[in-house]
Amino acid sequence: MTAATQAPARPVRARASRLAPPLSFLRLLRIELRRNAMPWLLPLIAALFWFDSYRPSTGQPPLYVLRTFWNMGQGHTFIDFGPFVAGVAAWMGSRDGRRRTADLVTGTARPRWTAQLATWGATAIWAIGGYLVCTGVMFAVYAHQGVQGQPPWWWVAVGATAVAAFSAAGFAVGVFWPSRFAAPLAAFGGFLALIMSSQTGFHDNTGWALILPTNSNGNFQADSGLLYPWLPDLPIARIMLLAGIAIAALGLLGLRDRGDGPWLRWLAVAVTAAGVAAAGTAVGLVTTARLSADGIVIPALHDAASDRPFSYTPVCGQAAGIPVCVNPAYRRWLPDVTAALGPVFREVAGLPGAPVRATQVAAVYNGGEAGSTGGQAATIGGRPPVLSLAIGALGLPGAFGATATLFADQLQLLAVHAFVGAGAGVGTSAQQAVQAALWQGAGVAFAAQPQVMSTTGLPTFAQAAAPATGPVYAAARRLAALPAAARQAWLATHLAALRSGQLTLAQLP
Amino acid sequence: MTAADTREPLPGAGPAWPAERRAAAALRLPWLFLVSRRVPAALGLLAGLALLLWSALYWHWSISGGRAAQQFLSLTVETGAAAVIAVTTYGPFGDPERATGRWLPYLRLGVAAALTAITYGALAAAITGGALPDGDLALLRNLVGITGIGLLCAAAVGGAFGWTGPLAYLVVTEVALTGNPTTPWVWPARPPHDLGGALCAVLVFAAGTAAVTLFGARDSGRHCTPE
C-alpha cells in the first residue's frame with residue numbers, strides 16, 4: 001500500500017458550499033476570458049457601431065429621442081453587435097466538437113454544462129461589456145454635444161439583453177453543430193432574423209409584433225424623455241423575451257450532456273422551461289398593450305408614476321409682442337418659433353379669440369414611427385386665449401429631412417388652423433378659405449400651400465390638401481385681396497360664425 | 001551505381017499502374033483537399049441559401065422602405081453565400097500541408113473559382129422564383145465582389161473568420177442604401193450596368209482570389225485562429 005492511499009480522505013463539502021460559485025469555476029471563467037475570440041472582433045464591431053449607429057444619428061437635432069431613434073428605437077445598436085456576437089459564440093461553442101476533445105473534457109471533474117456555461121459566460125461578458133462601452137461612449141459624446149432630454153436607459157438594457165440572447169443562441173448552434181460553418185450560419189441567421197422582424201415590425205403597431213426588438217412603431221416618439229418619462233412597459237416585456245430566449249438556449253445545453261448526472265439534467269429541464277415560460281409570458285403581455293398619450297402601456301407592467309410629466313421652468317420669447325414659451329430642451333428652436341408665429345399674431349392682433357400667449361404642450365403618441373406619421377393639431381383655449389402647440393410632433397429643423405422653412409410654415413399653418421376654429425378636422429369650406437388667406441398673409445403663397453400641407457409632421461387634416469384651385473382658393477384670394485383694414489373688419493364681424501361652422505363660402509367677401 | 005540505374009524498376013517490383021488507377025490517384029488529391037475544406041457541406045449550405053432566395057422571391061418576402069430595402073433580402077443571401085465560400089478556405093493542417101503540397105495554390109484557386117461559379121449558378125436558378133430587384137447582372141456583381149471581400153478577409157484574419165468581412169460589408173451597405181452613395185465601392189447600391197461598381201467588385205474579387213491562391217488563409221499554417 002502506498003502513502004497516497006493512507007492519506008485521510010478529503011472531507012465532502014457541505015451542500016451550501018457546493019452550490020456557491022466555486023473558485024475553480026471562477027478560474028475557468030478567467031481562462032475563458034483570456035482565451036476568448038470575442039475581443040478580436042470588438043474593434044471591427046466598434047467601427048461598425050460608429051458607422052452604423054452613431055454617425056447617422058448625428059444628422060438629427062440634439063434631442064435624445066431623435067438622436068437615438070435610429071440606433072435604439074430601430075435597434076441598429078444590436079444589429080451591429082448581435083450577428084457578430086452570435087457568430088463568435090457559435091465558434092466558441094463548437095470548439096470541443098471541432099477539436100474532437102469532447103470525450104476528453106467530459107471526463108474532467110467539472111460537469112460539461114458548467115464548463116460550457118463558463119465559455120459562454122466569458123463570451124457574453126466580452127460582448128455585453130463591449131456593447132455597454134460603445135453605448136456609453138456614444139451617450140458621453142451626445143452629452144458633450146449638449147443633447148437634451150433623458151437618455152433611453154431602458155432601451156439600452158433591451159440592447160444589452162439582446163446581445164446576451166444572441167450570444168446564447170449562437171453558442172447553442174455551435175454546441176449542437178460543431179462545424180466551421182456554425183459561425184457564419186449563426187451570424188447570418190441572426191442578421192436575417194433581425195431584418196425579417198423589421199418587415200413585420202415596420203408595419204404593425206399592435207399585438208404580438210410589438211415584441212419584435214426592431215419594431216419602433218408607437219414606442220419611440222417625442223416627447224419621451226423631454227416632457228414626460230420613457231415608459232418602461234414595452235422594454236421590460238422585450239427584456240423578458242430576450243432573457244427567456246437566452247435562458248432556454250443555455251438550458252438546452254444541459255439537456256444534451258448525459259454524463260452530468262440526473263440532478264443537473266433536471267435543473268437543465270427547469271431552466272429551459274423557465275426560459276420558454278418567460279418568453280411566452282412576454283409575448284402574451286404585449287398582446288394586452290395599448291397606446292397611451294406617452295407611449296405603449298402594458299397594464300400588468302405599468303406603473304402610474306411613469307405617467308407623471310416632468311416639471312420645468314419654460315423659456316420664453318416674444319412674437320409680435322406676444323410671449324411664446326417652450327420647454328428648455330427646445331430652447332434652440334425658440335427663435336424659429338417666434339419668427340414663425342410673429343406674422344400670424346400680427347395678422348390676428350385685436351381680433352376676438354386672438355391668443356395672448358403661446359405655449360408648448362407635450363406631443364401625444366401616435367401609432368406610427370417618429371417623423372413618419374401625422375402630428376398634432378394646435379389649439380386655442382382658455383381666458384385669456386392661449387395657443388397650445390405640440391412642437392415635438394412637428395418636423396423639427398434637421399429631423400428626418402425637415403428644414404427651418406418647413407418648420408416655420410407648419411407652425412403658421414397650425415396657428416391659423418386653430419384660429420379659424422377648424423379643430424382637429426379639415427374644417428368647413430369657409431374655414432379653409434380663411435385659413436388659406438391668413439396663411440398667405442403670414443408669408444406662404446397660395447401655390448405653395450398644398451405642397452407644405454403634404455409634408456410629414458402635420459396632423460391628418462393636412463393630408464386632405466388639394467391643389468390651390470377651386471372655389472375655396474377663389475374665395476381665399478378674394479379675402480386676401482382686401483385691404484388689411486377691411487379684412488380685419490370683416491373678420492371681427494364674422495369670426496364667431498366662422499368658428500361655429502355656420503358661415504358658408506358664398507358669405508365670404 | 002549510376003543515376004541511370006536508379007530509374008530501373010527494382011527487382012520484384014510490380015507492373016506500372018493502369019491508366020484508370022493513375023487517374024483515380026490523380027483525383028485523390030483534389031478530393032482530399034475538397035473534403036479537408038468541407039466543400040461538400042458548403043455545397044449543401046449554398047443549395048440551402050439558393051432555396052431561401054427562391055422562397056423569398058416566390059412568396060414576396062420584403063422589407064418595407066423603398067427600392068433599396070427591397071433588394072436587401074437578396075443581398076443578405078448573396079452575402080451569406082460569399083461568407084460560406086470564404087470559410088471553406090480554412091485549412092486544418094497548417095505547415096505539413098504547406099510544406100508538401102505543391103499543387104496547393106492551384107487547388108485553392110480552383111476551389112474558390114468553382115464555388116463562386118456554382119454559387120452564381122444556384123442563385124441565378126433561384127431567381128426564377130420571382131423578380132429580383134436589379135436582375136441577375138447585379139447578382140453576379142454583388143456575389144463576385146462580396147466573395148472577394150470574404151477571401152481577402154480569410155487571407156488577413158483566417159478562414160474560420162472569413163465570414164466577418166462579408167457581414168461587415170453588409171452592415172455598411174445597409175446604411176449606405178438608406179442614403180444615396182456615389183462611391184462605386186458600395187456596388188450593391190449602384191445600378192446593374194454601372195461600370196465603376198462592376199470594376200470595383202471584380203478588382204476586389206481578383207485581389208481576394210490572388211491572396212488566397214498565393215498565401216492561403218491565414219490559419220493555414222501561419223497563425224493560429226483564436227480559441
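I began with the helix pair in chain A, where H4(A) passes H5(A) in a right-handed crossing (right-handed if the near helix is turned clockwise from the far one by less than a right angle, left-handed if anticlockwise; helices, H or I of at least four residues, and strands, E of at least two, are DSSP runs numbered from the N terminus). I noted that this is a predicted model, in which local features need pLDDT of at least 70 and side-chain atom pairs count only at pLDDT 80 or more, while totals for chains, interfaces and linings use all residues. Residues are numbered from 1 along each chain as its sequence is written, and chains are lettered from A and ligands numbered from 1 in the order in which they are written.

I then looked up which residues make the contact: Ser53(A), Pro56(A) and Ser57(A) come from H4(A), and Arg67(A), Thr68(A), Trp70(A) and Asn71(A) from H5(A) (contact: C-beta atoms, placed from the backbone, within 7 Å).

Next I turned to the strands of chain A, where E5 (residues 357-360) and E7 (residues 386-389) run parallel and are joined by 4 bridges (strands pair if DSSP finds at least two bridges between them). Within this pairing, Gln360(A) has Leu389(A) as its bridge partner. Strand E6 (residues 379-381) of chain A runs antiparallel to E7(A) with 3 bridges, and Ile380(A) is partnered there by Leu387(A). In the hairpin of E6(A) and E7(A), with 4 residues between the strands, I found Gly382(A) at a positive phi near 90°.

Last, I checked the contact between the chains, which takes 31 residues from chain A and 25 residues from chain B.

Conventions. Two residues are in contact if their C-beta atoms, placed from the backbone, lie within 7 Å.
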